[in-house]
Amino acid sequence: MNYKIAAIAGDGIGPEIVAEARKVLDKAGEKFGFTLDYTDVLMGGASIDVHGVPLTDEAIEICKKSDAVLMGSIGGNTSTSPWYKLEPSKRPEAGLLALRKALNLFANLRPAVLYEQLKGACPLRDEIIGDGFDMMIMRELTGGLYFGERKTVEENGVKKAYDSLTYDENEIRRIAKRGFDIAMKRNKKVTSVDKANVLDSSRLWRQVVEEVAKDYPEVTYEHMLVDNCAMQLVRDPKQFDVILTENMFGDILSDEASMVTGSIGMLASASLNETKFGLYEPSHGSAPDIAGQDIANPIATILSAAMLLRFSLDQDKAADAIEAAVKKVLEDGYRTIDIMSEGKTQVGTKKMGDLIAERIS
Ligand code: IPM
Ligand code: MG
């Protein structure tokens with residue numbers, strides 16, 4: 001079996017971490033009898049430097065013709081990078097948003113898991129951590145505030161900016177179904193997060209989620225206001241299984257959830273459309289301050305590659321093997337600097353990739 005993968009290395013630490021994920025994917029292919037053909041695709045700042053825009057039509061076409069997209073991270077330092085002198089629609093992030101829209105990647109899965117071996121990195125107290133936690137943030141990714149109409153005008157000498165938050169019921173229904181489907185494969189609990197005490201879009205969200213919930217009698221569901229959810233994530237993260245929420249709330253809550261695990265460098269993500277196709281990237285950003293130093297943690301990207309095998313290529317055994325290799329490397333005491341603790345062995349990005357690849361069996 002041969003698969004076509006579009007590889008977007010991106011900016012900052014992106015190229016380093018994608019190289020390690022490819023190393024691990026290739027090793028998994030050797031073991032499980034498949035090969036991967038990568039086509040490098042420029043996006044974000046890397047594309048601006050070459051083409052003057054963060055995403056070209058050619059780049060979108062290559063992604064569309066692939067079986068899946070593997071991505072590192074995009075963007076630079078927003079106060080010092082020349083990319084941020086460009087108008088907003090030409091900046092690195094606009095490329096990622098446009099790609100998500102072009103590929104219709106409406107369902108963003110962000111697992112936040114506390115690794116037993118990394119409990120020490122969790123900023124919460126032991127009694128809150130308990131036996132650990134394992135939640136899936138299901139974020140709507142192609143609607144809401146990030147895709148609504150926006151403009152900045154001047155009225156009577158006063159500048160005024162508009163961003164609009166729009167959802168139609170179909171957009172809500174398809175992500176809600178995905179959320180409940182995923183819950184059926186997990187602990188059968190959905191927490192739908194909104195701001196229905198204020199926003200119309202949230203009131204519609206709540207109504208549609210209730211309709212969808214009727215088709216999933218085995219799933220327990222609840223509604224939670226987003227401000228309360230932000231608080232509950234640090235008060236008692238164990239209560240969550242699937243958090244289902246709209247684009248901006250999911251953006252914010254997923255960063256919070258990843259920090260709660262103590263290891264944002266460990267968390268993968270998948271962005272899926274209606275088919276098996278998806279884009280896989282770490283939940284963290286491009287960390288330009290540590291780029292090129294061989295110190296970035298490649299594990300989030302490696303685990304994203306495992307999700308790619310599972311969701312887009314149906315190579316579940318290879319995905320299991322990668323996840324097991326990551327656990328093993330942690331058990332064996334290897335750490336990148338972000339998750340380093342006393343008595344462990346600190347390694348760089350490349351070495352971490354090698355150690356994980358070696359453990360795939
Ligand atoms: C993320 C990022 C992006 C987002 C940015 C880079 C546009 O924060 O993937 O969470 O807001 O979706
Ligand atoms: Mg974000």
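A polar contact is a pair of N or O atoms within 3.5 Å; within protein, one must be able to donate a hydrogen and the other to accept it, and residues adjacent in sequence count only if both atoms are side-chain atoms. In this predicted model, local features need pLDDT of at least 70 and side-chain atom pairs pLDDT 80 or more, while totals for chains, interfaces and linings use all residues. Residues are numbered from 1 along each chain as its sequence is written, ligands are numbered from 1 in the order in which they are written, and side-chain values use heavy atoms, without hydrogens and water.

Oxygen atoms of ligand 1 have polar side-chain atoms of Arg-100 at 2.7 Å, of Arg-139 at 2.8 Å and of Asp-251 at 2.9 Å. Of the 320 Å² that ligand 1 exposes when taken alone, the protein buries 76% (Shrake-Rupley method, 1.4 Å probe).

Glu-93, Arg-110 and Tyr-146 are also among the residues surrounding ligand 1 (a heavy atom within 4 Å).

Elsewhere, strand 6 (residues 150-155) and strand 7 (residues 158-163) run antiparallel and are joined by six bridges; pairing requires at least two bridges found by DSSP, and strands are DSSP runs of E with at least two residues, numbered from the N terminus. Glu-154 stands opposite Lys-159 of strand 7. Two residues separate the strands in this hairpin, and Asn-156 in the turn has a positive phi of about 50 degrees.

Terms used. Helix = DSSP H or I, 4+ residues; strand = E, 2+ residues; numbered from the N terminus.
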